[in-house]
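Here's a quick tour of one structure, written for someone who likes cut-offs spelled out. Have the viewer open and follow along.

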Amino acid sequence: MHRLLIRNIHTLVTMGEDERIVQGVDVLVEDGRIVAIGKNLAAYPGQSRPQAADVRTLDATNCVVYPGFVNCHHHLYQTLTRNIPKVQNAKLFDWLIGLYEVWRELSEEAVEVSTRVGVGELLLTGCTTTSDHFYVFPKRASRELLDVEIETARKLGIRFHPTRGSMSRGRSKGGLPPDDVVQDPEEILADCDRIIAKFHDPNPFSMCRIVLAPCSPFSVTTELLAETAKYARSKKVQLHTHLCETKDEEEYCLKNLGMRPLDYMESTGWVGSDVWYAHGIYFNDAEIARLAKTQTGISHCPTSNLRLGSGICPVPKMLDAGVKIGLGVDGSASNDSSNFAREMQSALLVHRVGTAVDAMPPIRVLEMATQGGAAVLGQPEIGSVEVGKAADLAVFRLDKIDYAGAMADPAAAILMCGAGPRTEYTIVNGRVLVERGKLVGVDEEALWERANRVAEKMLSAAEKTTGMKYR
């Protein structure tokens, strides 16, 4: 039995029933679950301390505590291709064409180190559950790259919804990616079966659930989309892809497929409560109503959408219509960060210009970052601080100059002030993974050096192969 007692919490944002915000309370955790919330809790209420028990106490004086944040869209491997001059000012399609040449160089080491970087940054900024859209499988790679990502994330301790992505439409078939990073449908579906059998845990409080995720309408065939949807439902796993990210994508679908993106996806079985799309910028009003009716989810990625000039997703309108929406940092080559707290700040601000100044109050952002993400990923055990829920918590210090003069609303301080802060503690499944702003058991400087070495190797190889200058 392992117990964790978080004492003297200044402000607890539960996101539970009535979205209660309470002050001056403690939270007691046992074996990865919340067992009590209240004032002056004892580590072993009503009993003497068991001899074999292990208990730890954290002081949360002057801290604000949230449910651990939920990231609904990422590409962890992209942490090695941040801030590349060649694509700093490119739109999505040009950005992809340029970066595919670098991603062809992905290796087992590159996936392992990029996962450490991306997951580390998420944990440091309060994210306790993440999905990841992994869809680049170079033919030259030495082994199953998704296995490396899943095993690395497991060691780091984050709650994980990895997706077995895919691309089957290479350049020779009218797609964007090089032919040597796409796969045949038979190979893709066989590996989906293998990955589900090896890693998928459908049980409540699961730490790893597999999702199937063809990349996009312009990188997979119609047949693969339809077959993947059918197969996923036979295995009771979720479905994820990119959709309606840019006007270019809409024009591609109309020209090559004869339908708008959502009509096309619906024709292949890709709507429903087990489906969520990344981005969703260019849905019209009728399509928004269909998303709500079918309970198809959206991962809103505001920073990436701004960075690539893609547009502003009509999130306030979607929320008003009843669409399920979570937040996603997206890939670290289009963000270029895995800072979840900064993503929340972007979501707060962008809609005040895109819609109206009162369209996105802080509580709405917190809803998307917690309850919304839990609903999109289909994991109701997370997303709120309530007795019986998972002990996934993000603890931020408020006694910093960043928040001086900001204590009229402590729950909103990390959104309205500062610049994407680090947590004091990040707790996942009852385990402390970030302590006093540092990753537990990780040498950040050594990781930085290793990541830069691998990134340089990939860039140099791409420059040599293509003759293009990336820097």
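Predicted model: local features only at pLDDT ≥ 70, side-chain atom pairs only at ≥ 80, totals over all residues.

What follows covers ground rules, a helix pair, the nonpolar cores and some salt bridges.

## Ground rules

Residues are numbered from 1 along each chain as its sequence is written, and side-chain values use heavy atoms, with hydrogens and water left out.

## Helix 2 against helix 3

Two packed helices are described by the angle between their axes and the distance between the axes. Here, helix 2 (residues 108-124) and helix 3 (residues 145-156) have axes that come within 9 Å and cross at roughly 35 degrees. Axes are lines fitted to C-alpha atoms over the stretch in contact, with angles from 0 to 180 degrees between N-to-C directions; helices are DSSP runs (H or I, at least four residues), as are strands (E, at least two), numbered from the N terminus. The crossing is right-handed, meaning the near helix is turned clockwise from the far one by less than a right angle.

On the helix 2 side, the contact (heavy atoms within 4.5 Å) includes V111, E112, R116 and L123; among the helix 3 partners are L145, V148, E149 and L156. By class, the contact has seven nonpolar, two polar and five charged residues. Ala, Val, Leu, Ile, Met, Phe, Trp, Tyr, Cys and Pro count as nonpolar, Asp, Glu, Lys and Arg as charged, and the others, Gly among them, as polar.

## Nonpolar cores

The largest nonpolar core has 122 residues, and W95, Y277 and F283 touch the most other members. Another core of 19 residues lies apart from it, with V27, C63, V385 and V432 among its members. A core is a set of buried Ala, Val, Leu, Ile, Met, Phe, Trp, Tyr and Cys residues joined through side-chain atoms within 4.5 Å; buried means under 20% relative accessible area, exposed over 50%, partly exposed in between (1.4 Å probe, protein chains only).

## Salt bridges

The count comes to 37 salt bridges, each a side-chain nitrogen of Lys or Arg within 4 Å of a carboxyl oxygen of Asp or Glu. E121 pairs with R82, the closest N and O atoms being 2.5 Å apart. E121 lies in helix 2 and R82 in the loop between strand 6 (69-71) and helix 1 (92-103), so the pair ties together parts 39 residues apart in sequence.

Helix 2 also holds E112 and R116, four residues apart, about one turn of the helix; their closest N and O atoms are 2.4 Å apart. E112 is buried at 14% relative accessibility, while R116 is partly exposed at 25%.
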